[in-house]
Amino acid sequence: MIDAMDKAAGLSPDEALFAARRFRPEFVRGAEECRLSVLQPANDQGLAPNLRVALARRMAALNADPILMAEYDVQLAQLDPTEQLLALAQGETDLIEPLATIVRHVDLITLTPKSAEASHIALLEKAGLNNPQIVALSELIAFVNFQTRVASGLRLMRST
Amino acid sequence: MISSVRLKPLNWHPYIAPVELSEATPEQLEAMKVTPSAKKVSEYVRTLAHDPESYLARTVLFNAIMYVEGGLARPDRELGALGASLVNGCKFCAVVHARRHAELTKSDEVVTALYLDKPEALGPRDAAIYSFARRLSAAPSEATTDDIAALRSVGMDDCEIIDLIHAISIFGWANRLMHVLGHAESG
């Protein structure tokens with residue numbers, strides 16, 4: 001069965017790399033369970049699935065990943081997004097709060113994690129995020145940065 | 001001859017209040033039974049337990065990537081983790097995985113070369129792994145097909161390269177938690 005990572009990497013079942021990926025069923029299953037835990041969690045902690053997918057689309061763009069951008073665009077369209085969420089997904093920064101604060105954080109942690117400081121978490125608190133939301137947002141950011149790297153590495157393997 | 005760099009373990013402290021065990025929900029307590037590297041329930045674990053679903057899913061995947069049997073040698077996974085942690089600026093993770101690399105190889109030569117920023121002192125296999133780790137960790141990734149060719153030229157097969165991609169990428173994740181949600185202190 002083709003999963004989200006195969007799709008992102010462009011792998012089909014007749015390829016050697018598709019089979020090589022299955023040498024690690026723990027990674028295949030684990031990556032998919034992680035994806036569900038940050039994009040479609042049973043308890044979303046008040047960060048709705050359409051906000052999560054819109055942020056994922058934004059981070060795919062920051063990682064220059066057109067395949068994942070297109071995938072998240074399709075998913076977002078099915079989740080009844082508001083104008084604000086569509087703008088957020090497209091990389092807009094002029095948004096209402098707390099979205100404006102959230103996207104500043106998402107952009108910073110995606111592009112320059114090294115520069116993260118205590119004050120950045122304080123800004124999220126000031127925008128009204130509680131501790132479960134701060135952790136859930138951090139896991140979502142970190143997951144998309146994991147996903148784009150695995151997909152990118154597999155694509156490089158396919159073309160060598 | 002470069003004198004060895006001695007790295008002491010750091011302590012990590014969160015910027016937000018971690019979950020108190022006495023106030024944890026059954027789901028949080030259940031999730032905290034699984035810990036990174038099967039270590040104790042640390043402040044880091046209790047911080048992430050605020051969102052038990054993502055904590056549990058990621059920790060299971062993390063432990064598989066770093067410890068699953070066969071495939072890429074353990075020190076090579078640690079070197080991938082170290083390269084990512086240096087790029088992402090996570091001092092805590094860098095020290096932990098530098099020390100594990102030194103323990104597993106019974107040598108601190110590689111770690112010393114990296115902490116003194118002398119990657120040219122690495123052997124060809126370590127150099128190929130470290131360079132790929134750095135380039136894949138950039139945002140956006142700067143890795144190219146030349147990096148994959150370099151890994152193949154030092155004898156790595158597809159399964160080992162897949163293991164390495166995961167070791168580097170899971171630190172693109174772990175570093176964005178540890179260095180973002182708290183800070184490292186010595187002693």
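Two residues are taken to be in contact if their C-beta atoms, placed from the backbone, lie within 7 Å. The structure described here is a predicted model, in which local features need pLDDT of at least 70, side-chain atom pairs count only at pLDDT 80 or more, and totals for chains, interfaces and linings use all residues. Residues are numbered from 1 along each chain as its sequence is written, while chains are lettered from A and ligands numbered from 1 in the order in which they are written. The predictor assigns the complex an ipTM of 0.98 and a pTM of 0.97.

We may start with the interface. Chain B contributes 45 residues to the contact and chain A contributes 49 residues. On the side of chain B that touches chain A, the elements giving two or more residues are helix 2 (43-48), helix 3 (52-67), helix 8 (145-153) and helix 9 (158-181) of chain B; helices (H or I, at least four residues) and strands (E, at least two) are DSSP runs, numbered from the N terminus. Helix 9 of chain B gives the most to this side, with 17 residues. By residue type, this side of chain B holds 26 nonpolar, 14 polar and five charged residues, where Ala, Val, Leu, Ile, Met, Phe, Trp, Tyr, Cys and Pro count as nonpolar, Asp, Glu, Lys and Arg as charged, and the others, Gly among them, as polar.

Next comes the interior. A residue is called buried if 20 or more other C-beta atoms lie within 10 Å of its own, exposed if 12 or fewer, and partly exposed in between, with C-beta atoms placed from the backbone. A nonpolar core is a set of buried Ala, Val, Leu, Ile, Met, Phe, Trp, Tyr and Cys residues joined through C-beta atoms within 7 Å. The largest such core has 104 residues, and those with the most contacts inside it are C93(B), I170(B) and M178(B). Helix 9 (residues 131-158) of chain A supplies the largest share of this core, 15 residues. The core also draws at least three residues from each of domain 1 (11-67) and domain 2 (74-172) of chain B; the domain bounds come from an automatic or database domain assignment. Leaving aside residues up to four places away in sequence, I170(B) touches F146(A), L61(B), F62(B) and I65(B).

The two domains of chain B have C-alpha centres 26 Å apart. Five residues of domain 1 of chain B are in contact with five residues of domain 2 of chain B. On the domain 1 side, helix 3 of chain B provides the largest share, four residues, and the residues of that side divide into five nonpolar, no polar and no charged.

Several individual helices are worth a look. Helix 4 (residues 49-62) of chain A has 14 residues, which should span 20 Å at 1.5 Å a residue, and its end C-alpha atoms are 20 Å apart, in agreement; the expected span is 1.5 Å times one less than the number of residues. Eleven of the 14 residues of helix 4 of chain A are buried, including R52(A), R57(A) and R58(A). Their cover includes helix 3 (25-39), helix 5 (66-77), helix 6 (83-89), helix 7 (99-111) and helix 9 of chain A. In chain B, helix 4 (residues 74-88) reaches 21 Å from its first C-alpha to its last, close to the 21 Å expected, and 13 of its 15 residues are buried.

Helix 7 (residues 124-137) of chain B contains D126(B), which counts as buried because 22 other C-beta atoms lie within 10 Å. D126(B) touches L79(B) and V110(B), not counting residues up to four places away in sequence. The buried residues of helix 7 of chain B pack against helix 9 of chain A together with helix 4, helix 6 (109-115), helix 8 and helix 9 of chain B.

The peptide bond from E97(A) to P98(A) is cis, with omega near 5°, and another cis peptide bond joins A139(B) and P140(B), with omega about -5°. A64(A) is not a glycine, yet has a positive phi of about 50°; with 13 C-beta neighbours inside 10 Å, A64(A) counts as partly exposed. D117(B), also not a glycine, has a positive phi of about 55°, and D117(B) is exposed, with 8 other C-beta atoms within 10 Å.
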